Amino acid sequence: MSRVPSKVLVTESSSRDGLQSLGAFVPTAAKVGLIENLASAGIRTFDAVSFVNPKAVPQMADGAEVIAGITNRGDVELGGLVPNMKGFEAALAAGVDTIGLLTAASDEFNERNINATVDEAMHRIRRILLEIPRGVSTRSYISTATHCPFEGEQDPDWVAHLAETLIEWGSDTVYLGETIGKATPFHIEALLDHVLEVVPADRVGIHLHDTYGQALANTTVALERGVARMDSSAGGLGGCPYAPGATGNIATEDLVYMLDGMGIETGIDLGGVANVANDFCSAHNLSYNSRAGRAWLASQDRE
Ligand code: HMG
Ligand code: MG
């Protein structure tokens, strides 16, 4: 029997991963508008903001204000990414629904990103997991899950060990971060073969960047293995300030187009996302990077 899921939970990352590397500050109201307009297109789950040192990532300095600005909170689940206890406390005070926790598989990326070795980051996560209040969910990211920009290819067995440990320590889910978008399908296959031996598929998510144009192909590998949690970013916005040259996440429009075509439910309206993201990119002078979204917008012009 095929393990391909009938539904996928898409978590929208444009207001966090999509914006974090931009130099020009996007005003709080525009971030709130982006999330609310994407919610109107059917997106329910957001990797909305992060709570990090504003000197390190100035674009994310207004995380609490963004969360406070969102109306209709009953319709959406808002996540805050936290690198340490200080970020965790700020995220709880802001009232996020989900805490995103952060390590990488490789020490060098982790040290540059959050000034902690993998071992140190894992222990920070463990302490935070012990303090998660009832009603708040957790997703733990393992960045550089296949490739590190500094240390190269990663050992899938090591990543599986980290994933298993995070779940054992109480994380609800573990998201495999393909931070630099270098992996091809056999890398994802090897990674998932190891991870799914020790963590059930319903607790695993993928967070793919599309730098080398491999993200959709990689997504099909995950689908075939029953993975049904996927991050994406409207308009393909994104990148990590500590991963030189890495571009955005898989575009939400591209992902939704493919899942729609495969009969896999997301609840998301591709055209709605394309309009919102295209308008946002025009307003902020950003390039709009979804092929499916461009095709959909062009098809509307012809009608
Ligand atoms: P540090 O220098 O070790 O921190 O940085 P520290 O504890 O020594 O504190 C230094 C200063 O930062 C102090 O302020 C702290 O108060 C402040 P000062 O006295 O200088 O004014 N500080 C904070 N302020 C706000 N919120 C906090 C916080 N913590 C300390 N949480 C730290 C360590 C983690 C803080 C720093 O390295 C940092 O902020 N890094 C940002 C990392 C980041 O945002 N990276 C991008 C997100 S990760 C990503 O995109 C990957 C992902 O998408 C998955 C994938 O693609 O693979 C998730
Ligand atoms: Mg990312």
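## About the model

This is a predicted model, in which local features need pLDDT of at least 70 and side-chain atom pairs count only at pLDDT 80 or more, while totals for chains, interfaces and linings use all residues. Residues are numbered from 1 along each chain as its sequence is written, chains are lettered from A and ligands numbered from 1 in the order in which they are written, and side-chain values use heavy atoms, with hydrogens and water left out.

Asp-17 sits in the loop between β1 (9-12) and α1 (28-40) and His-207 in strand β9 (residues 204-208), so the pair ties together parts 190 residues apart in sequence. Helices (H or I, at least four residues) and strands (E, at least two) are DSSP runs, numbered from the N terminus.

Both Asp-17 and His-207 are buried. Buried means under 20% relative accessible area, exposed over 50%, and partly exposed in between (1.4 Å probe, protein chains only).

## The nonpolar core

The largest nonpolar core has 83 residues, of which Phe-46, Ile-142 and Leu-176 touch the most other members. Such a core is a set of buried Ala, Val, Leu, Ile, Met, Phe, Trp, Tyr and Cys residues joined through side-chain atoms within 4.5 Å. Helix α10 (residues 270-283) gives the most to this core, with seven residues.

## Two packed helices

Helix α10 also packs with helix α11 (residues 291-302), at an angle of about 95 degrees and with axes 9 Å apart. Axes are lines fitted to C-alpha atoms, for helices over the stretch in contact, and angles run from 0 to 180 degrees between N-to-C directions. The two helices, α10 and α11, are therefore roughly perpendicular, a label for angles of 65 to 115 degrees.

## Two positive phi angles

Asn-72, in the loop between α2 (63-69) and β3 (77-82), has a positive phi near 55 degrees. At 56% relative accessibility, Asn-72 is exposed. Thr-144, in the loop between β5 (137-143) and β6 (147-148), has a positive phi of about 50 degrees, but Thr-144 is buried, at 0% relative accessible area.

Conventions
Angles under 35 degrees count as roughly parallel, over 145 as roughly antiparallel, 65 to 115 as roughly perpendicular and the rest as oblique.
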